[in-house]
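I opened my notebook for this one and wrote down each thing I looked up, in order.

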Amino acid sequence: MFNLVIFGPPGAGKGTQSAKIIDNYKLAHISTGDMFRMHISQNTALGQKVKQILADGLLVPDSITIEMLEEEVQRNPDATGFIFDGFPRTVPQAEALDTFLESKNEKIDLVLQLDVTESEIKNRIAERKKVSGRADDDEDKLIKRIDEYFTKTIHVLPYYQSQGKVVKINGIGEVEAIFGMICAAIDEAKS
């Protein structure tokens, strides 16, 4: 099994590149954002909680996120590996993910860090907002999300760097060129 984390600020291209990775490597995709949106659209009790938290521009608490993630992994018993998109966002989440994977005799094999400037992120989100209508793309919420990334989420990188698992990818440029760099990193990690 091959497990990877795709890492980067909001608007870095995680969703776009994840779709290409999934097609190419046949990994099961676990996106906390997609899980949250699904629960919200189905108006589950969890979805109602998550909706308010996200509407306030905050991160969903670790306990809720981890429970949903473990449930999603259990739903894919035949997967050849997973791509974790939007998770982990904190060191405790990274530790919980490692503990959970170890209980299944698995581990994170690679962490891809999509490196994108803040000005590029704002431009991309402004464009995405025109077509997506996502509530979390509103400017004030976006600023909170970017701030959360650079004050909290960024601290997950040293956790994985100390394990020698992080490969930094320039996330600015043509989608296919970025994907080529990602494939090279994945192929090297798998060999």
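How many bridges join E1 to E4, and do they run parallel or antiparallel? I counted four bridges, and the two strands run parallel.

**Entry 1: ground rules.** I am working with a predicted model, where local features need pLDDT of at least 70, side-chain atom pairs count only at pLDDT 80 or more, and totals for chains, interfaces and linings use all residues. Residues are numbered from 1 along each chain as its sequence is written, and side-chain values use heavy atoms, with hydrogens and water left out.

**Entry 2: the sheet.** I take helices (H or I, at least four residues) and strands (E, at least two) as DSSP runs, numbered from the N terminus. Two strands pair if DSSP finds at least two bridges between them. On that basis I found an open sheet of five strands in the order E2-E3-E1-E4-E5, with parallel pairing. Strand E2 (28-31) and E5 stand at the edges with a single partner strand each, so one side of each has no neighbour in the sheet. The twist averages 20° from one strand to the next.

I then went through E4 in detail. Ile6 has Leu112 as its bridge partner in E4, and Leu4 has Leu110. Towards strand E5 (residues 166-170), E4 makes five bridges, again running parallel. Leu114 stands opposite Ile169 in E5.

Why is E4 largely enclosed by the rest of the structure? Five of the six residues of this strand (residues 110-115) are buried, so I have my reason. My cut-offs are: buried under 20% relative accessible area, exposed over 50%, partly exposed in between (1.4 Å probe, protein chains only).

Entry 3: I checked UniProt next; its positions are given in the numbering used here, feature names are shortened, and annotations may be inferred rather than shown by experiment. An unreviewed entry lists Gly11, Ala12, Gly13, Lys14, Gly15, Thr16, Arg128 and Gly173 under "binding site". The lining of the largest pocket takes in Gly11, Ala12, Gly13, Lys14, Gly15, Thr16, Arg128 and Gly173 from this set. For the pocket search, a 1 Å grid is laid over the protein atoms alone: a cavity is a set of points where a 1.4 Å probe fits but cannot get out, while a pocket is an open set with protein on both sides within 12 Å along at least five of seven lines, and lining residues have an atom within 4 Å of a point.

I looked up two of these residues. Gly11 sits in the loop between strand E1 (2-7) and helix H1 (14-25), and it is buried at 14% relative accessible area. Leaving aside neighbours within four places in sequence, Gly11 is in contact (heavy atoms within 4.5 Å) with Arg124, Ile125 and Arg128. Arg128 belongs to helix H6 (residues 118-132) and is partly exposed, at 25%.

Is Gln93 buried or exposed? Gln93 is buried, with a relative accessible area of 2%. I placed Gln93 in helix H5 (residues 91-102). Apart from neighbours within four places in sequence, Gln93 is in contact with Val60, Asp62, Thr65, Ile66, Phe87 and Pro88. Leu58, in the loop between helix H3 (45-55) and H4, is partly exposed at 43%.

**Entry 4: a helix pair.** Helix H2 (residues 32-41) and helix H4 (residues 62-74) pack at about 95°, with axes 11 Å apart. Axes are lines fitted to C-alpha atoms, for helices over the stretch in contact, and angles run from 0 to 180 degrees between N-to-C directions. H2 and H4 are therefore roughly perpendicular, by this scale: under 35 degrees roughly parallel, over 145 roughly antiparallel, 65 to 115 roughly perpendicular, the rest oblique. Thr32, Met35, Phe36 and His39 in H2 meet Thr65, Met68, Leu69 and Glu72 in H4. His39 is buried, at 12%.

**Entry 5: backbone check.** Phi of Asn105 is near 55°, a positive value in a residue other than glycine. Asn105 lies in the loop between H5 and E4.
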